[in-house]
Amino acid sequence: DSPIHYEEGDPAEAILAALARENIDVLVAGALEKEVVLHQFLGNVARRLVREANCSVMLFTHPQKNPKPLRRIVFIADRSQQGLVALKTTLMLADAESCERLYVIGIVTAFDEARASITRDATTSATKKTNHAEEDSLEEFVLSAGATEVPIETRFIRGATGLAASDFVRSVEADLLVVPLQKSRETVQQLPSNIAWVSDVIPCNLWVIR
């Protein structure tokens with residue numbers, strides 16, 4: 001009984017127009033990608049949907065009639081109010097999927113650390129204090145989502161670029177990567193620098209929550 005909408009023209013433009021016109025809350029699609037230097041890169045249509053859709057987008061790298069459970073999920077925390085709502089939504093999915101482990105990660109790039117050093121003394125002790133504060137903040141963020149039976153592990157991923165997080169997702173063999181994003185009225189949404197890679201690289205199934 002689901003309505004079917006037929007569109008004409010450029011695939012990305014047609015899908016984006018239908019999403020806006022029909023007030024869609026979430027788009028589910030297969031992600032066409034190609035592998036280059038050990039990373040899977042999104043195709044042009046999927047890339048535009050991640051950047052420009054005015055709703056949540058869930059992309060599956062290998063859609064299956066009988067899909068395997070989402071046993072390992074990685075959630076990128078931005079510690080915003082919308083990020084907290086996204087985490088609570090993710091916990092509901094993780095619980096329904098009997099998730100074995102949910103990794104809630106923070107991303108710190110070399111640029112982030114350089115910027116932070118401008119506002120404080122770049123001493124070893126100061127760095128340790130900052131690291132502890134970041135870890136405590138991430139733990140508090142997870143606890144604020146409320147009680148859950150889902151096993152959760154918090155991690156801070158540090159690297160020269162945000163792509164270190166993509167490598168982490170691959171290393172834990174995650175089934176789903178969850179990225180909370182602010183809704184934007186702009187035609188092309190500018191993603192935060194440390195997660196800008198998600199509009200190009202897809203290490204596993206991807207869920208962008210808006």
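Buried means under 20% relative accessible area, exposed means over 50%, and partly exposed lies in between (1.4 Å probe, protein chains only). By that definition S199 is buried, because its relative accessible area is 3%. This is a predicted model, where local features need pLDDT of at least 70, side-chain atom pairs count only at pLDDT 80 or more, and totals for chains, interfaces and linings use all residues. Residues are numbered from 1 along each chain as its sequence is written, and side-chain values use heavy atoms, with hydrogens and water left out.

**Around S199**

- You will find S199 in the loop between strand 8 (176-180) and strand 9 (205-209); strands are DSSP runs of E, at least two residues, numbered from the N terminus.
- Its side chain makes a polar contact with the side chain of R51 at 3.2 Å (a pair of N or O atoms within 3.5 Å, where within protein one must be able to donate a hydrogen and the other to accept it, and residues adjacent in sequence count only if both atoms are side-chain atoms).
- The side chain of S199 also reaches the backbone oxygen of A196, at 3.0 Å.
- Leaving aside residues up to four places away in sequence, S199 touches L42, R47, V50, R51 and L191, where contact means heavy atoms within 4.5 Å.

- Seven strands form an open sheet with mixed pairing, in the order 1-4-9-8-5-6-7; two strands pair if DSSP finds at least two bridges between them.
- Strand 1 (26-30) and strand 7 (152-159) are the edge strands, each pairing on one side only.
- Strand 6 (residues 101-109) and strand 7 run parallel, joined by eight bridges.
- V108 stands opposite R158 in strand 7.

Terms used
Helix = DSSP H or I, 4+ residues; strand = E, 2+ residues; numbered from the N terminus.
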